Amino acid sequence: MTQARPLEGIRVVEMSHMVMGPSTGMFLGFLGAEVIKIEPPEGDKTRNLTGMGAGFFPTFNRGKKSVTLNTKDSGDLAKVHALLKTADVFVENFRDETLAKMGLAPAQLRQSNPSLIVASCKGFLKGPYEHRAAMDEVVQMMTGMAYMTGPTGRPLRIGSSANDIMGGLFTAFGVLAALIQRGKTGQGSAIRSGLFENCLLLVAQHMVQFDIEGTESPPLPERVFSWPVYDLFPTRDGRQIFVGAATDGQWDKLCKALGLEHLLADPELQTRSAQIAARDVTLPQIAAVIAQHSYEDMVRVMEQNDLLFAPVARPVEMYDDPHVNRPGGLFTSHYADKKDFRAPALPLEMDGAPVVSASVDIPSVGQHNGEILGALGAAK
């Protein structure tokens, strides 16, 4: 099966660090673009993060080419400009004023290269906050995401760099739209994606509920349930399993699968609203049945009856998950001077094939200087 590479022939120059900008480049690279990452001579500082940051650089820089240039050196800055003249897309996450001082602001670049698409990964879109610094946790606190995630008085960020990653996804989405537009007009575009606005969209459903109903949702740990069953239950061997019944059909199948047919016959439980109102009566009965079975037994029951369920897993357990380990689920990357690692590609398929770049290896610092900068010299 042929691997789809819709962006083959597109050159992306990326000058960014941490997660949002690099994930933008990674998404475009997985779609077939050539992504050239500009790093300082000592390498991107993200390479040296440890702990929860150790996965940042390897995860979001797979398949890229590394070029080292010192933007504070006039000669190297000239090479950046020369490289951008060969590019279709420039991805950056610098402050606006810093870019302008280097002559790399969108308006400046497009004067000499009108077809260039400049994709800027920022904390905020234009407005009162546009010059503020931002990180994932900052915008989660600002928008109400952290409030909705933790119990009252204990706002919590969600357990990944989800806003940074999705901010990169929106930036890549904008680049794709700009490429389509350029195909019609021949002109590039200036794309700006905001981390704050990304998080705002994620909490929009709670905002809209208030606008429509005049009611404010409590944090999710204290939420008012919209379904009869949507809960965690302990099994006989001490593991937890999430079980849901969100439709009439699921409620019917769950009660039958657990031997609780009397709930189906109960005249007080014939509507979803009645089932929700009676959760304090029905959930203990469901919990008592589940507690009599091992986790593996419950998984079989759930699968055999096509029910909504999930284990409570840790990220590391994904390496042992049979679905994750299907062909195309994980790809092994070579990380120069460090351990090889496995990670997923884009969560989509095209014509039955996973969407992933030709290489998923991590470049060493400046690995492609000769190839990329040498070609610039030869072109003069």
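Modeller: A nonpolar core is here a set of buried Ala, Val, Leu, Ile, Met, Phe, Trp, Tyr and Cys residues joined through side-chain atoms within 4.5 Å, where buried means under 20% relative accessible area with a 1.4 Å probe and protein chains only. The model is predicted, with local features needing pLDDT of at least 70 and side-chain atom pairs counting only at pLDDT 80 or more, while totals for chains, interfaces and linings use all residues. Residues are numbered from 1 along each chain as its sequence is written, and side-chain values use heavy atoms, leaving out hydrogens and water.

Colleague: Which residues have the most contacts inside the largest nonpolar core?

Modeller: That core has 37 residues, and α1 (20–30) gives the most to it, with five residues; helices here are DSSP runs of H or I with at least four residues, and strands are runs of E with at least two, numbered from the N terminus. Those with the most contacts inside the core are V12 and L28.

Colleague: How many residues of strand β5 are buried?

Modeller: Strand β5 covers residues 117–122, with I117, A119 and C121 pointing one way and V118, S120 and K122 the other. Both sets are buried, and the count for the strand is six of its six residues.

Colleague: Which residue of β6 stands opposite C121?

Modeller: Strands pair if DSSP finds at least two bridges between them, and five bridges join β5 to β6 (residues 190–194), the two running parallel. Within this pairing, the residue opposite C121 is S193.

How values were computed: Buried < 20%, exposed > 50% of the residue type's maximum accessible area, 1.4 Å probe, protein only.
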